[in-house]
Amino acid sequence: MTTETMRDVHRATTRGITAYRGYRPPPGMISWALHRITGLGVLLFLLLHIVDIFLVNYGPDTFNELLFLYRHPVFRIGEIILVAGLYYHAANGVRIILIDFWPAAYRYERQLFYGVIAVFLAGFLPTAFLMIRAMLQAGGA
Amino acid sequence: MAAVRPHIGRERPSGGFELYSWYFFRVSGLLLIFLAIGHVVIMHVINTVDEIDWQFVADRWNSPFWRAYDWLMLFLALLHGLNGARLAVDDYIRPQGWRVLAHSILWTLAIVFLIIGSIAVLTFDPSRFETLAQAGG
Ligand code: HEM
């Protein structure tokens, strides 16, 4: 044990859980957890979406009647979160693939993750702006 | 060199089904960047839920291009996503019996949703509702 971790353990045992305030997750953990959560979240929506599109086969009346759901503000905010998840998953997926096929890239792991965040924001900010504007114009909020 | 490489992501599997799965994630992922993000931009940003209704879908699916696009996206996203759920199952569910059950559920979902999704994309025929659509405006 290094002196540092010994000090941490000592603090943790004498002052309780708050001594862990300085804890940082190991590199890669956050990007991985987000990748998994966004992947599963998008999958959940995909299953729902297949069911609603199946209903086009029941004709305009049935389909249009159910659209009030997707136009509800709660759904529209969920839709924006869904798009955020997809954008993150796609950007981080490219980073994973890059490291897989170009092994030396692991040395730039941190920089690549900042790149993922930058690409994500560059895509998501204009998207969110347009979606929120449409939502306000529809008077949904 | 190789020895000091830290673990980033998942090791590439050495063969068999897991290696195919590994490649499938990457190939389908790269295609989905265009398919899924293109879809989101067209259907959620440029058009929104305010414009999209039954008639919108009917007009769009007049074109074989969009039907092919949507079907390819359905196929890739469903298998990529459910195969990803399988990775999560393998991480969190240890007992063999529960694992078999969870895998069976995932592959059943894959088959059922592939079938209902394909029925929707491939067999939809708006002319069946022509009179209805006109009556509804
Ligand atoms: C937009 C382009 C996409 C890219 C570039 C991409 C890329 C990737 C990559 C590289 C992996 C890692 C596979 C591995 O560990 O071997 C992955 C996992 C996954 N993807 Fe995607 N993907 C995309 C879209 C999607 C979509 C649309 C869904 C949902 C339907 C999805 C759901 C998942 C899931 C659930 C996992 C498993 C995550 C885990 O538990 O480790 N992905 N993706």
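Me: Hi! How much accessible surface does chain B have?
Reply: About 7800 Å², and 70% of that belongs to carbon and sulfur atoms. Accessible areas come from the Shrake-Rupley method with a 1.4 Å probe, and for residues only the protein chains shown count as cover. Keep in mind that this is a predicted model: local features need pLDDT of at least 70, side-chain atom pairs count only at pLDDT 80 or more, and totals for chains, interfaces and linings use all residues. Residues are numbered from 1 along each chain as its sequence is written, chains are lettered from A and ligands numbered from 1 in the order in which they are written, and side-chain values use heavy atoms, leaving out hydrogens and water.

Me: And how many helices and strands are in chain B?
Reply: Five helices and zero strands. Both are DSSP runs numbered from the N terminus: helices are H or I with at least four residues, strands are E with at least two.

Me: New topic: where does the ligand lie?
Reply: Between chains A and B.

Me: Which helix gives the most to the shell around the ligand?
Reply: H2(A), with seven residues. Helix H2 (29-54) and helix H4 (73-101) of chain A, plus helix H1 (16-46) and helix H3 (64-92) of chain B, each supply at least two.

Me: What does a polar side-chain atom of Arg36(A) lie 2.6 Å from?
Reply: An oxygen atom of the ligand. For His89(A), an N or O atom in the side chain is 2.8 Å from a nitrogen atom of the ligand, while a polar side-chain atom of His35(A) lies 3.3 Å from a ligand nitrogen atom.

Terms used. Near = heavy atom within 4 Å. Polar contact = N/O pair within 3.5 Å; in protein donor to acceptor, adjacent residues only side chain to side chain.
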